[in-house]
Amino acid sequence: MVTDILLVAVLLVLVGQLAGSRRPGPEEYRLAEIERRLDLVMRQLGVADPGRQLPEVHAHLARGEKIKAIAAYRRATGADLRTAKAAVKALAGRR
């Protein structure tokens, strides 16, 4: 009984450390640098990015259905919940 509790506690600590210690790998840094440079080039050329066209998300926002808009954003983009919530909040702020 006590060993089971200790085993569960150790497993929970390990899982918590693994979840919290994820550091971006070289691919993420490289992608961020490529995106930064692309933004610089687009700004220099005066090219405006219209962004993604998300009609279903905008339709839900127009009706005040924020949760449905977040779900539609996740379906359309494959984003995680945190990213989708932030994106929908930004879209709602532009309206």
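Which helix holds T83? T83 is found in helix α5. The close-ups below come from a predicted model.

**Figure 1. Overview of the helices.** The predicted protein has five helices and zero strands. Read along the sequence, the pattern is α-α-α-α-α. Of the 95 residues in the protein, 15% are buried. Take the contacts in the protein with a separation of 6 or more: residues 24 or more positions apart account for 31% of them.

**Figure 2. Close-up of α3 against α4.** Helix α3 covers residues 55-62, and helix α4 covers residues 66-77. Their axes come within 8 Å and cross at roughly 175 degrees. Angles over 145 degrees count as roughly antiparallel, and α3 and α4 are therefore roughly antiparallel to each other. From α3, the contact uses E56, V57, H60 and L61. From α4, it uses K68, A69, A72, Y73 and R75. By class, these residues divide into five nonpolar, one polar and three charged.

**Figure 3. Close-up of α3 against α5.** The axes of α3 and α5 come within 11 Å. They cross at roughly 65 degrees, and the crossing is right-handed. V57, H58 and L61 represent α3 here; V88, L91 and A92 represent α5. This contact has five nonpolar residues, one polar residue and no charged residues.

Figure 4. The largest nonpolar core has 12 residues in all. L54, V57 and L61 belong to this core. So do A69, I70, A72 and Y73. A79, A84, A87, V88 and L91 complete the set. In soluble globular proteins, nonpolar side chains tend to be buried together.

**Figure 5. Close-up of V88 and its partners.** V88 is one of the residues of the largest nonpolar core. Set aside its neighbours within four places in sequence, and V88 is in contact with V57, L61, K66, A69, I70 and Y73. V88 also takes part in the contact of α5 with α3.

Figure 6. T83 lies in α5. Is T83 buried or partly exposed? With a relative accessibility of 38%, T83 counts as partly exposed, because the partly exposed class falls between under 20% (buried) and over 50% (exposed). T83 and I70 are 13 residues apart along the chain. Their C-alpha atoms are separated by 9.4 Å. I70 itself belongs to the largest nonpolar core.

Methods
Residues are numbered from 1 along each chain as its sequence is written. This is a predicted model: local features need pLDDT of at least 70, side-chain atom pairs count only at pLDDT 80 or more; totals for chains, interfaces and linings use all residues. Side-chain values use heavy atoms; hydrogens and water are left out. Axes are lines fitted to C-alpha atoms, for helices over the stretch in contact, and angles run from 0 to 180 degrees between N-to-C directions. Helices (H or I, at least four residues) and strands (E, at least two) are DSSP runs, numbered from the N terminus. Angles under 35 degrees count as roughly parallel, over 145 as roughly antiparallel, 65 to 115 as roughly perpendicular and the rest as oblique. Contact means heavy atoms within 4.5 Å. Ala, Val, Leu, Ile, Met, Phe, Trp, Tyr, Cys and Pro count as nonpolar, Asp, Glu, Lys and Arg as charged, and the others, Gly among them, as polar. A nonpolar core is a set of buried Ala, Val, Leu, Ile, Met, Phe, Trp, Tyr and Cys residues joined through side-chain atoms within 4.5 Å. Buried means under 20% relative accessible area, exposed over 50%, partly exposed in between (1.4 Å probe, protein chains only). A crossing is left-handed if the near helix is turned anticlockwise from the far one by less than a right angle, and right-handed if clockwise.
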